[in-house]
Amino acid sequence: MSPKIGRPTKDPKGHRESFRFSDSDMEKLEYCIKQTGMSKVDVVRKGIDKVYNEIRATDTLDK
């Protein structure tokens with residue numbers, strides 16, 4: 001038997017993080033979840049992508 005468990009993926013999620021949120025941050029996150037129907041992790045990933053892309057756009061403009 002193979003030691004792998006679960007479905008095969010091209011983008012494995014091997015890293016785990018834990019975060020502490022204020023009440024207002026949690027309210028914003030819950031609002032985003034309700035409005036979009038996305039999961040918590042999908043909202044967080046989208047936020048990371050958005051900030052990353054903003055920074056990259058600024059970096060290319062500065063060069």
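1. Helices here are DSSP runs of H or I with at least four residues, numbered from the N terminus.

2. A note on the source. This is a predicted model, where local features need pLDDT of at least 70, side-chain atom pairs count only at pLDDT 80 or more, and totals for chains, interfaces and linings use all residues. Residues are numbered from 1 along each chain as its sequence is written, and side-chain values use heavy atoms, with hydrogens and water left out.

3. H1 (23-36) has 14 residues. From first C-alpha to last, H1 reaches 20 Å, close to the 20 Å expected at 1.5 Å a residue (1.5 Å times one less than the number of residues).

4. The largest pocket has a volume of about 440 Å³. A pocket is an open set of points on a 1 Å grid over the protein atoms alone, where a 1.4 Å probe fits, with protein on both sides within 12 Å along at least five of seven lines. The volume is the space filled by probe spheres set on the points, which are joined across faces, edges and corners.

5. The largest pocket is lined by 16 residues, each with an atom within 4 Å of a point. Closest to the centre are His15, Glu17, Phe19, Val41 and Val44. H1 and H2 (40-62) each supply at least two lining residues. H2 gives the most, with five.

6. Ile48 lies in H2. Is Ile48 buried or exposed? Ile48 is exposed, with a relative accessible area of 53% (exposed means over 50%, with a 1.4 Å probe and protein chains only). Ile48 and Glu27 are 21 residues apart in sequence and 18 Å apart in space, C-alpha to C-alpha.

Definitions and conventions: Buried means under 20% relative accessible area, exposed over 50%, partly exposed in between (1.4 Å probe, protein chains only).
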